[in-house]
Amino acid sequence: RTGDQLIAEFTQLTQAEAEAQGYVWVTTKSDLQTAINNNAKICLGADIDLTGSWAVTPEFSGELNGNGYTLSNLNNSLIYSTTSNAIIKNLKIANVTITSTNSYTGALIGSENKGTIDNVTILSGNIITAGFTGSIAGSNSGLISNIANFANISGHYGSNPIGGIVGWAKINSQILNAYNAGHINGEQSGCSAGGIVGQTSGTTTIENVYNDGSISGPMDNNANLGGIIGGTLSGTTLKITNVCNYGHIYQSNASAGIIGYLHPSNLGTISQAHNVGLANAGIVGNGGATDVQLIDVANYYNNTLANNFNGSITEASYSQQEALNMLAGADNTALSSSTTLAQMGFQDGSSLQLTVDGTTHTIEFASTDTLQKVIDTLQIYGVTTTVNGSGALTFNSIGKTFSLAGELGNYLAAGANTTTT
């Protein structure tokens with residue numbers, strides 16, 4: 001996906017059509033501020049630049065129809081919280097720049113969404129806070145659907161949970177049809193960070209979501225990191241269906257492609273959950289839950305499906321070579337010498353550690369480098385690498401012993417054929 005569109009189709013209204021439906025037609029920053037403060041039924045008629053100060057409305061109970069237009073240069077949450085009857089839809093937000101030492105922050109909703117948010121895309125930006133933060137809302141107990149996020153989120157100032165869409169999914173939270181491509185960085189020790197949700201409690205429903213963003217944590221590895229959910233609290237009942245993680249998960253002992261930490265008391269099901277990205281485990285990183293069912297789950301990165309998990313597992317599978325093919329690009333295209341590291345899910349500075357006859361060499365690559373450049377680099381140290389027509393790698397060292405490590409090295413070694421002659 002690219003961050004220039006809304007997920008769901010909708011009909012853009014003219015001013016006459018909007019006003020006939022009872023909307024207040026809004027085209028300026030000042031009019032938008034007034035309409036939100038008045039809890040009006042709002043329809044945007046133009047892109048609006050929100051550069052400068054923005055007074056956050058404490059609670060919104062009206063309706064905001066973005067009508068396909070974009071709010072840009074927001075430096076604070078648009079709204080602090082919503083009531084159960086509030087509706088926000090068909091909206092794009094670009095160039096969000098929020099830096100706050102406080103918790104409970106989101107580009108759209110700072111504290112809690114209790115209403116309905118549908119068809120919203122966060123096009124770009126950076127949000128840096130103390131946690132309870134997501135691109136859409138700090139927390140959610142309502143319905144969030146058809147969402148895409150391309151903004152980066154960091155818990156630089158605190159250890160509270162952060163997520164690509166929602167920081168904390170509370171009781172009766174529903175998140176449907178959501179996508180995250182932003183980098184999620186739980187910098188502080190003890191943080192829970194997830195590609196979709198940082199932390200859950202109560203009954204939480206997550207369906208049809210996909211994470212493509214990398215997740216990182218503190219250097220002491222004391223964090224819960226998950227491609228979909230960072231961690232769950234006691235009393236959580238999960239209803240998770242059709243979720244997939246492609247993002248790489250770094251720096252945590254409790255990390256997994258789907259859920260970093262699954263509390264022992266949790267209930268529910270995780271079904272049709274697939275991990276492709278780099279992670280310690282595919283589905284569950286830690287926790288010891290006994291009453292959660294894993295159904296039709298797969299880990300394509302390595303052969304560890306779950307760590308410290310005591311619930312039931314049915315229809316599980318692993319395929320390292322399929323991971324290589326899936327990460328290579330759209331439509332499961334196999335790796336080729338022209339595949340870039342970015343297509344394989346790596347960022348600038350990704351490292352490969354090559355040990356040849358006991359000597360270790362650490363080599364960094366740019367995201368624009370191709371697999372051919374990696375192959376040429378290995379050749380310098382005496383390791384010949386070939387890629388066959390189906391995308392499988394073969395390493396051949398002549399008279400030398402060698403091994404690969406580091407994020408890129410582990411990735412390339414997964415499912416490869418290695419020979420030493």
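Strand 12 (133-134) pairs with strand 16 (residues 162-163) in the parallel sense, over two bridges; strands, of at least two residues (E), and helices, of at least four (H or I), are DSSP runs numbered from the N terminus, and two strands pair if DSSP finds at least two bridges between them. Thr133 has Ile162 of strand 16 as its bridge partner. The model is predicted, so local features need pLDDT of at least 70 and side-chain atom pairs count only at pLDDT 80 or more, whereas totals for chains, interfaces and linings use all residues. Residues are numbered from 1 along each chain as its sequence is written, and side-chain values use heavy atoms, with hydrogens and water left out.

Strands of a sheet pair through backbone hydrogen bonds, either parallel or antiparallel.

## Overall composition

The protein has five helices and 38 strands. Of its 421 residues, 55% are buried, that is, under 20% relative accessible area; exposed means over 50%, and partly exposed lies in between (1.4 Å probe, protein chains only).

The accessible surface comes to about 15,300 Å², and 45% of this surface belongs to carbon and sulfur atoms; areas come from the Shrake-Rupley method with a 1.4 Å probe, and for residues only the protein chains shown count as cover. Among the contacts with a separation of 6 or more, 65% are between residues 24 or more positions apart, a contact being heavy atoms within 4.5 Å.

## Strand 9 and its parallel partners

All five residues of strand 9 (residues 109-113) are buried: five of its five. Strand 9 pairs in the parallel sense with strand 6 (residues 79-81) over two bridges, and Ile109 is the bridge partner of Ile79. Strand 9 also runs parallel to strand 13 (residues 137-140), to which three bridges join it. Here Glu112 has Ser139 as its bridge partner.

In helix 2 (residues 29-37), the buried residues are Leu32, Gln33, Ala35 and Ile36. Seen down the axis, they fall within an arc of 170° and so line one face of helix 2; the arc is that of the directions from the helix axis to the C-beta atoms. These buried residues pack against strand 1 (24-26), strand 2 (41-44), strand 3 (48-49), strand 4 (63-65), strand 5 (70-72) and strand 6. Just after helix 2, Asn39 takes a positive phi of about 55°.

Helix 4 (residues 371-380) has Leu371, Val374, Ile375, Thr377 and Leu378 as its buried residues. They cover an arc of only 160° around the axis, which puts them on the same side of helix 4. Gly382, with a positive phi near 90°, follows helix 4.

## Aromatic pairs and lysines over rings

The structure holds five aromatic pairs; rings of Phe, Tyr and Trp (its six-membered ring) pair if their centres lie within 6.5 Å, and planes under 30 degrees apart count as stacked, over 60 as edge-to-face and the rest as tilted. Phe132 and Trp168 form a tilted pair, 5.5 Å centre to centre and with 40° between the planes. This pair links distant parts of the chain, 36 residues apart: Phe132 lies in the loop between strand 11 (125-128) and strand 12, and Trp168 in strand 17 (residues 166-169). Both Phe132 and Trp168 are buried.

Lys170 lies over the face of Trp168, at 4.9 Å from the ring centre; a charge sits over a ring if NZ of Lys or CZ of Arg is within 6 Å of the ring centre and within 35 degrees of the ring normal. Lys41 likewise lies over the face of Tyr23, at 4.6 Å from the ring centre. Phe150, Tyr179, Tyr210 and Tyr246 form one aromatic cluster.

Asn119 is found in strand 10 (residues 116-122) and is buried, with a relative accessible area of 0%. Not counting residues up to four places away in sequence, Asn119 touches Leu6, Ile7, Ala8, Phe10, Lys89, Asn90, Leu91, Ser145, Asn146 and Ile147.

Leu123 lies in the loop between strand 10 and strand 11, and at 18% relative accessibility Leu123 counts as buried. Leu123 and Phe150 are 27 residues apart in sequence and 5.4 Å apart in space, C-alpha to C-alpha.
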